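User: Please take a close look at one part of this model. Keep it brisk, and define each term as you go.

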Amino acid sequence: MRIFSKNRAKKVLDEGAAELSESEINYALSNRERIINKVLKNASLAPYISQVKTLFSLLQDYVKGDYREIPWWSLGSVVTALLYILLPLDAVPDIIPIAGFLDDAVVLKLCLDMVSKDLEKYKLNKVASTNNEMDADL
């Protein structure tokens with residue numbers, strides 16, 4: 001029996017994306033270190049650390065106005081997944097050994113799967129921007 005299903009994770013992401021506000025984006029960014037520390041300390045989340053850092057980079061670039069090519073729903077899913085990790089009392093409370101963080105991992109993994117094309121576009125844009133800055137310095 002599954003404690004937390006993919007369907008439940010999708011519902012969490014859809015609801016969070018539908019209710020996204022600028023203040024939630026800023027809240028996620030202001031809690032970057034707490035979320036990253038929680039990811040690093042958890043065996044079920046730690047494999048996603050580089051992706052989590054990319055998500056934060058995307059949010060930062062969005063807020064600065066450097067990258068606005070991401071659909072609002074995808075942005076909402078990213079913020080929801082990151083804030084879900086922060087919540088100690090989500091679908092399965094984090095104080096429950098092992099299972100408490102599995103729902104966090106399911107939500108994060110599903111989010112990454114659902115926004116993978118948007119993340120690839122962002123990464124390509126980031127590489128192109130970096131290359132353009134390097135060319136300008138020459």
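Helices here are DSSP runs (H or I, at least four residues; strands are E, at least two), numbered from the N terminus. Buried means under 20% relative accessible area, exposed means over 50%, and partly exposed lies in between (1.4 Å probe, protein chains only).

The model is predicted, so local features need pLDDT of at least 70 and side-chain atom pairs count only at pLDDT 80 or more, while totals for chains, interfaces and linings use all residues. Residues are numbered from 1 along each chain as its sequence is written, and side-chain values use heavy atoms, with hydrogens and water left out.

First, the setting. The chain holds seven helices and zero strands. Its pattern along the sequence is α-α-α-α-α-α-α. Of its 138 residues, 43% are buried. Its accessible surface comes to about 7900 Å², with 57% of that belonging to carbon and sulfur atoms; the areas are Shrake-Rupley values with a 1.4 Å probe, and for residues only the protein chains shown count as cover. Take contacts between residues at least 6 apart in sequence: 70% of them join residues at least 24 apart. Contact means heavy atoms within 4.5 Å.

Now H2 itself. Its buried residues include Ile-25, Ala-28 and Leu-29. Seen down the axis, the buried residues of H2 fall within an arc of 100°, so they line one face of the helix. The arc is taken over the directions from the helix axis to the C-beta atoms. The general rule for an α-helix is 3.6 residues a turn, so residues three or four places apart point the same way.

Ile-25 lies in H2. At 0% relative accessibility, Ile-25 counts as buried. Beyond its neighbours within four places in sequence, Ile-25 is in contact with Leu-20, Leu-59, Tyr-62, Val-63, Trp-72, Leu-75 and Val-79. Ile-25 and Phe-56 are 31 residues apart in sequence; their C-alpha atoms are 9.9 Å apart in space.

Next, the packing against H5. The axes of H2 (residues 22-30) and H5 (residues 72-86) come within 10 Å and cross at roughly 45°. That makes H2 oblique to H5. Axes are lines fitted to C-alpha atoms, for helices over the stretch in contact, and angles run from 0 to 180 degrees between N-to-C directions. Under 35 degrees is roughly parallel, over 145 roughly antiparallel, 65 to 115 roughly perpendicular, and the rest oblique. The H2 and H5 crossing is left-handed: the near helix is turned anticlockwise from the far one by less than a right angle, whereas clockwise would be right-handed. From H2, the contact uses Glu-22, Glu-24, Ile-25, Tyr-27 and Ala-28; from H5, it uses Trp-72, Leu-75, Val-79, Leu-83 and Leu-86.

H4 is another partner. H2 and H4 pack at an angle of about 130°, and their axes are 10 Å apart. H2 is therefore oblique to H4. Their crossing is left-handed. Glu-22, Ile-25, Asn-26, Ala-28 and Leu-29 of H2 meet Phe-56, Leu-59, Gln-60, Tyr-62 and Val-63 of H4.

Ile-35, Ile-36, Lys-38 and Val-39 are buried in H3. They span an arc of only 160° around the axis, which puts them on the same side of H3.

Trp-72 sits in H5. At 37% relative accessibility, Trp-72 counts as partly exposed. Leaving out residues up to four places away in sequence, Trp-72 touches Ala-17, Leu-20, Glu-22, Ile-25 and Tyr-62.

The H1 and H5 crossing is right-handed. H1 supplies Val-12, Leu-13, Asp-14, Gly-16 and Ala-17 to that contact; H5 supplies Trp-72, Trp-73, Gly-76, Ser-77, Thr-80, Ala-81 and Tyr-84. Val-12 of H1 is buried, with a relative accessible area of 11%. Val-12 and Ala-81 are 69 residues apart in sequence and 8.5 Å apart in space, C-alpha to C-alpha.
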